[in-house]
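Here is a short briefing on charged side-chain pairs. Keep the sequence at hand while you read.

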Amino acid sequence: MMPEQEKPSPEPTLRVRAGRRLHPLPVRIMHWINAAVMLVMITSGWGIYDDDVIIRGFHFSGFWRLGDWAAWSLNWHFAGMWFLAINGLAYLIYGLVSGRFRERLLPIRPAEVLQTIVETLHFKIAHEDLTVYNAVQKLLYIVVILAGIAQVITGLAIWKPVQFSGLVALLGGFETARVLHFAGMAVIVGFLIVHVALALLVPKTLWAMLAGGPRLKAHSHAKRSTAT
């Protein structure tokens with residue numbers, strides 16, 4: 001008799017836990033701390049910049065600066081620096097360990113970025129499913145995260161140019177480090193303008209960051225197995 005053929009075992013399944021909020025409480029807390037600290041860092045940075053401008057003839061109005069003069073602006077900048085560094089590090093660790101970065105920001109496909117830009121230019125910015133980021137959102141979040149890391153590096157070089165002389169040299173010198181720090185600030189400010197504008201155009205995204213947003217639905221991914 002021919003031996004009875006064994007029935008294939010069911011494919012193992014990985015299931016994503018349902019009921020989890022789009023923005024868990026730790027993410028919301030870190031987001032709003034970062035928002036407040038970034039305002040302190042940017043506006044105090046403008047006060048420091050005005051004391052020794054990079055672009056000749058370009059100054060920031062006193063209305064936008066935090067600190068009446070450079071020394072006060074420096075105090076605010078150093079105070080905010082520690083909050084930003086600790087909160088930013090916590091955010092990076094949480095995003096990597098929890099898999100949030102991989103889940104929310106990857107993959108990014110150039111064709112999808114182009115399509116999203118075209119749709120946005122035609123004011124087709126309806127965001128029905130808050131749990132899915134479009135390609136431009138993913139790209140902007142990655143760019144601003146990298147810009148934030150770059151700001152820490154260039155900021156250290158400007159703050160302690162003697163102690164971090166090797167870093168200063170790697171960046172091309174003290175003045176180049178200042179220019180890179182200023183450029184990083186411009187990138188972050190540009191992101192914030194776009195971010196706030198989109199939040200105002202799609203208010204439910206703002207409410208989601210306050211209340212947690214919709215609960216994620218369970219979904220599963222079956223692992224393929226090869227028969228032998």
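By about how much of the helix are Glu 175 and Arg 178 separated in helix H7? They sit three residues apart, so about one helical turn separates them. Helices here are DSSP runs (H or I, at least four residues), numbered from the N terminus.

This is a predicted model, in which local features need pLDDT of at least 70, side-chain atom pairs count only at pLDDT 80 or more, and totals for chains, interfaces and linings use all residues. Residues are numbered from 1 along each chain as its sequence is written, and side-chain values use heavy atoms, with hydrogens and water left out.

**Salt bridges**
- The structure holds six salt bridges (a side-chain nitrogen of Lys or Arg within 4 Å of a carboxyl oxygen of Asp or Glu).
- Glu 175 pairs with Arg 178, with the closest N and O atoms 3.5 Å apart.
- Salt bridges with shared partners link Arg 20, Glu 103 and Arg 104 into one network.
- Arg 178 also bridges to Asp 52 at 3.4 Å, N to O.
- Arg 178 lies in helix H7 (residues 174-201) and Asp 52 in the loop between helix H1 (25-51) and helix H2 (70-98), so this pair ties together parts 126 residues apart in sequence.
- Arg 109 and Glu 112 form another salt bridge, with the closest N and O atoms 3.4 Å apart.

**Exposure**
- Buried means under 20% relative accessible area, exposed over 50%, and partly exposed in between (1.4 Å probe, protein chains only).
- Arg 178 is buried at 12%.
- Glu 175 is partly exposed at 46%.
- Arg 109 is partly exposed at 44%, and Glu 112 is partly exposed at 31%.

Terms used
Helix = DSSP H or I, 4+ residues; strand = E, 2+ residues; numbered from the N terminus.
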